[in-house]
Amino acid sequence: MSLEGKLVSEINIKCDGDVFHEIIMYKPHHMCNICPDKIQKVDIHEGELGTIDSVRLWKFTNDGKEMVAKEVIEEIDEEKKLVKKKMIEGDMLEYYKSFYLTIHVETKGENNLVTWILEYEKKNANVPDPHTFMELCLNITKDIESYHIK
């Protein structure tokens, strides 16, 4: 049994894809107001928002548990509206040897597709796949969409 895994989810949003990407990249602290039940705090620890090698600390609620995660941005493609982050500290790494999160926004006229990709390596075979974390990501996407449609 392989301990490496990958989850991919796509979700269509009605709000502007550029606005969604801007929040993810440059205004993640706004998510504390958009979905305070899911994200309680976002702090930049190193670098500047929206730059490679910048480090952010997140306090969030996943599956009813308060958690923290420290991430570093490894890849940015502004043209594709893509960002790839690596977890470097926090609760997720209690279960996973490695954990990467990629967010990609495709905009085609009125259609905006957000793709979330979780790539991970479990510490052992008893660790579940991170389906609840993926659900959290999709619910955050819906909250951002609802906030910007109003």
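User: Before we start, what pLDDT do local features need here?

Analyst: Residues are numbered from 1 along each chain as its sequence is written, and side-chain values use heavy atoms, leaving out hydrogens and water. This is a predicted model in which totals for chains, interfaces and linings use all residues, side-chain atom pairs count only at pLDDT 80 or more, and local features need pLDDT of at least 70.

User: Is Ile-11 buried or exposed?

Analyst: Ile-11 sits in strand β1, residues 4-13 (strands are DSSP runs of E, at least two residues, and helices are runs of H or I, at least four, numbered from the N terminus). Buried means under 20% relative accessible area, exposed over 50%, and partly exposed in between, with a 1.4 Å probe and protein chains only. Ile-11 has 14% relative accessibility, so this residue counts as buried.

User: How far apart in space are Ile-11 and Thr-115, C-alpha to C-alpha?

Analyst: In sequence, 104 residues separate the two. In space, C-alpha to C-alpha, Ile-11 and Thr-115 are apart by 6.5 Å.

User: Where is Lys-70 found, and is Lys-70 buried or exposed?

Analyst: Lys-70 is found in strand β4, residues 65-77. With a relative accessible area of 17%, Lys-70 is buried.
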